[in-house]
Structure formats: C-alpha cells, structure tokens
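Have a look at the model first, then read on.

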Amino acid sequence: MKLSPILMSDKDGDGDSESAVITKTKPKTQRPPLYKVLLLNDDYTPMEFVVHVLERFFGLNHAQSVEIMLTVHKKGVAVVGVFSYEIAETKVAQVMDFARRNQHPLQCTMEKE
Ligand code: TYC
C-alpha cells in the first residue's frame with residue numbers, strides 16, 4: 001500500500017499549499033439601450049404643424065413644443081425625446097405617417113444614444 005506524504009504546508013490535506021484566489025462576480029444590471037428621436041429641419045413644413053406634432057406625439061406642452069421647433073428651425077436638428085427601441089420606432093413611424101398624410105416633407109429619425 002502506497003501512502004502519500006502529508007506536508008505541513010498542506011493544511012487541508014488536498015495536495016496543494018493553501019493558495020486562495022478570491023473571485024468576486026459583480027452582478028451586472030442590464031439596462032436596455034436607449035434611442036434618441038430626432039426631428040430635422042426643412043424649408044416647407046409650417047412651424048405650427050411641427051408644434052402640433054410635438055404636442056400630439058411627444059406629450060410636450062405648447063411652450064416646450066415651440067421651443068424645440070425653433071431649435072430645429074435654427075440649428076437643423078434637435079432631440080425630441082429618448083425612448084426604448086420599440087417606443088422610438090413607433091414615434092418615428094407616427095410622425096412620418098402624419099407628415100406624409102398632410103403632404104409635408106417633415107423628417108423624423110432615431111439613433112442609438
Ligand atoms: N423651417 C420651417 C419653416 O421655416 C419650420 C420647421 C421647423 C420645419 C422644424 C421642420 O422640424 C422642423 N417653415
């Protein structure tokens with residue numbers, strides 16, 4: 001019968017010399033990616049129509065809507081809201097459909113934040 005020697009350093013008798021590695025697994029909370037919905041300027045869509053779109057589809061009050069419309073008018077583009085992919089996609093579709101039905105060239109897009 002073969003007996004394996006037990007070393008003094010092998011305190012738990014498992015064949016190694018007590019080296020512990022602490023691995024801490026941080027629980028990662030996954031947040032869904034967010035998307036900015038952008039409104040683009042053009043030369044033809046009436047200002048009042050854009051204000052109406054912002055009130056109707058983005059739940060903004062009249063003052064906020066005028067402010068954002070003027071930002072787009074002056075700067076060319078503005079973020080009108082930040083949403084999950086599905087909500088952003090729906091907002092863009094609603095605005096594009098409403099603009100088309102009213103024969104305005106208003107453009108609305110989304111981009112990952
Ligand atoms: N530039 C347009 C005008 O002078 C107004 C406008 C504002 C159009 C915002 C589009 O997203 C827009 N009638």
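A polar contact here is a pair of N or O atoms within 3.5 Å; within protein, one must be able to donate a hydrogen and the other to accept it, and residues adjacent in sequence count only if both atoms are side-chain atoms. This is a predicted model, where local features need pLDDT of at least 70 and side-chain atom pairs count only at pLDDT 80 or more, while totals for chains, interfaces and linings use all residues. Residues are numbered from 1 along each chain as its sequence is written, and side-chain values use heavy atoms, with hydrogens and water left out.

**T45**

- A polar atom of the T45 side chain lies 3.3 Å from the backbone nitrogen of L106.
- T45 sits in the loop between strand 1 and helix 1 (helices, H or I with at least four residues, and strands, E with at least two, are DSSP runs numbered from the N terminus).
- With a relative accessible area of 11%, T45 is buried (under 20%; exposed is over 50% and partly exposed in between, with a 1.4 Å probe and protein chains only).
- Leaving aside neighbours within four places in sequence, T45 is in contact (heavy atoms within 4.5 Å) with V50, H104, P105 and L106.

**Ligand shell**

- Residues around the ligand (a heavy atom within 4 Å of it) are L39, L40, N41, D42, T45, M47, V50, M69, V72, H73 and L106.
- This shell divides into seven nonpolar, three polar and one charged residue (Ala, Val, Leu, Ile, Met, Phe, Trp, Tyr, Cys and Pro count as nonpolar, Asp, Glu, Lys and Arg as charged, and the others, Gly among them, as polar).
- Helix 2 gives the most to the shell, with three residues.
- An oxygen atom of the ligand is 2.8 Å from a backbone N or O atom of L40.
- On the nitrogen side, a ligand nitrogen atom lies 2.8 Å from an N or O atom in the side chain of N41, and a ligand nitrogen atom lies 2.7 Å from a backbone N or O atom of D42.
- The protein covers 89% of the 340 Å² of accessible area that the ligand has on its own (Shrake-Rupley method, 1.4 Å probe).

- Not counting residues up to four places away in sequence, L39 touches residues including V50, L54, V72, V95 and L106.
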